Amino acid sequence: MQRSSFVGPLFHRAYNRIALAGTKAYFKLRHGLSKQTFWVRTGPVLMPVTGDSDLQIPHYYVYGSKWWRLEEDLFSAHIQPGSTVLDVGANHGFLTALFSMLAGAGGKVIAFEPSPSVCSKLSAMVSQNNLSTVTVFNAGCGSKPGQMNLYTPQSSGNASLRPENIQGAAQVKGELKKHTVNIVRLDDELKSLDRLDFVKIDTEGFEDEVLAGMRGLIERFRPIIYIELCKQFHASSERAAAILREFNYRFVPELDIEHSSNGESYLAFPG
């Protein structure tokens, strides 16, 4: 029994590494032959492969169906037809698409992505999948408007406005790409909003600044918030949690930053 429980995870990790390596090779070969963007299905969503060597799409391609089922089970209880959803740190829009499908034709999804190149692919994904209720903003979100440097490793899903927060930064192969991006305050950008039901924030250690710039929206609408809080981003996660506690939010599961896994996210409910 002990051997089986040990071998099983090893087998799955080896299989996943092989699947990812094969996917990356296939994408590189296909794009190299055509020199054109092509589309692949990740779960029920079509996403573009542009040949820019971003490792995020291969992960969606390999794990997309599994991730979609898990995320749909999690979010379907909290996002209803007609909901208005805010996606901060939308990346390529995998969850943006799910939010749009859950909110339905009468709903609204507002997606923010700071990287110009990734936002271009996000917008293309929205168009390709006919997600007519999604509005995309090419901007990051913070406590004050302006410009900042966005640092991106091989996988754009780990990009951060705080380079020290990038997952495995010490082991990143090659240099981080640095781009100057626009930053907005959500209280300013969405001041005309008349409804906000659900917010997702995944900004690799910048969650505290996002929350600081949307205090007015939180006070007005009391949305459910799904937010990345983890030991990897300990200081910023503690600050983010403190802001939510100011508004009497409770966390599910019970918040335990000190023992959390990298990339762990929590649902926060208004009290």
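This section describes the nonpolar cores, selected helices and strands, and several individual residues of a predicted model.

The largest nonpolar core comprises 38 residues. Within this core, the residues that touch the most other members are Leu 86, Phe 112, Leu 186, Ile 201, Leu 211, Met 214 and Ile 225. Helix H8, which spans residues 234-246, gives the most to this core, with four residues. Another core, of 32 residues, lies apart from the largest one and includes Leu 98, Phe 99, Leu 131 and Leu 267. In soluble globular proteins, nonpolar side chains tend to be buried together. The surroundings of Leu 211 can be listed in detail: with residues up to four places away in sequence left out, Leu 211 touches Ile 201, Ile 218, Ile 225, Ile 227, Ala 240, Ile 243 and Leu 244.

Helix H4 covers residues 116-128 and therefore has 13 residues. From its first C-alpha to its last, H4 reaches 18 Å, close to the 18 Å expected at 1.5 Å a residue. The buried residues in H4 are Val 118, Cys 119, Lys 121, Leu 122, Met 125 and Val 126. When H4 is seen down its axis, these buried residues fall within an arc of 160°, so they line one face of the helix. The elements that cover them include strands S1 (38-42), S2 (45-49), S4 (108-112) and S5 (134-137), together with helix H3 (94-103). Just after H4, Asn 130 takes a positive phi of about 55°.

Strand S4, one of the elements covering H4, is itself mostly covered, as four of its five residues are buried. S4 pairs with strand S3 (residues 84-88) in the parallel sense, over five bridges. In this pairing, Val 85 stands opposite Val 109 of S4. Strands of a sheet pair through backbone hydrogen bonds, either parallel or antiparallel.

A further group of three strands forms an open sheet in the order S6-S8-S7, with mixed pairing. Strand S6 (140-141) and strand S7 (146-152) are the edge strands, each of which pairs on one side only. S6 is joined to strand S8 (residues 177-184) by two bridges, and these two strands run parallel. The bridge partner of Cys 141 is Val 184 in S8.

Gln 56 is located in helix H2, which spans residues 56-75. With a relative accessible area of 12%, Gln 56 falls under the 20% limit and is therefore buried. Beyond residues up to four places away in sequence, Gln 56 touches Asn 91, His 92, Ser 155, Ser 156 and Gly 157.

Tyr 266 lies in strand S12 and is buried, with a relative accessible area of 1%. The side chain of Tyr 266 reaches the backbone nitrogen of Asp 256 at 3.5 Å. Tyr 266 and Asp 256 are 10 residues apart along the chain, and their C-alpha atoms are separated by 9.9 Å. With residues up to four places away in sequence not counted, the contacts of Tyr 266 include Ile 225, Tyr 226, Ile 227, Leu 229, Phe 251, Val 252 and Pro 253. Also touched by Tyr 266 are Glu 254, Leu 255, Asp 256, Ile 257 and Ser 260. Pro 253 lies in the loop between strand S11 (249-252) and strand S12 (265-270).

Backbone angles in two other loops were also considered. Lys 35, in the loop between helix H1 (2-34) and S1, has a positive phi of about 60° although it is not a glycine. Lys 35 counts as exposed, at 65% relative accessibility. Ser 53, in the loop between S2 and H2, likewise has a positive phi, near 70°, in a residue other than glycine. The relative accessible area of Ser 53 is 59%, and this residue is therefore exposed, the limit being over 50%.

Notes. Residues are numbered from 1 along each chain as its sequence is written. This is a predicted model: local features need pLDDT of at least 70, side-chain atom pairs count only at pLDDT 80 or more; totals for chains, interfaces and linings use all residues. Side-chain values use heavy atoms; hydrogens and water are left out. A nonpolar core is a set of buried Ala, Val, Leu, Ile, Met, Phe, Trp, Tyr and Cys residues joined through side-chain atoms within 4.5 Å. Buried means under 20% relative accessible area, exposed over 50%, partly exposed in between (1.4 Å probe, protein chains only). Contact means heavy atoms within 4.5 Å. The expected span of a helix is 1.5 Å times one less than its number of residues. The arc is that of the directions from the helix axis to the C-beta atoms. Two strands pair if DSSP finds at least two bridges between them. A polar contact is a pair of N or O atoms within 3.5 Å; within protein, one must be able to donate a hydrogen and the other to accept it, and residues adjacent in sequence count only if both atoms are side-chain atoms.
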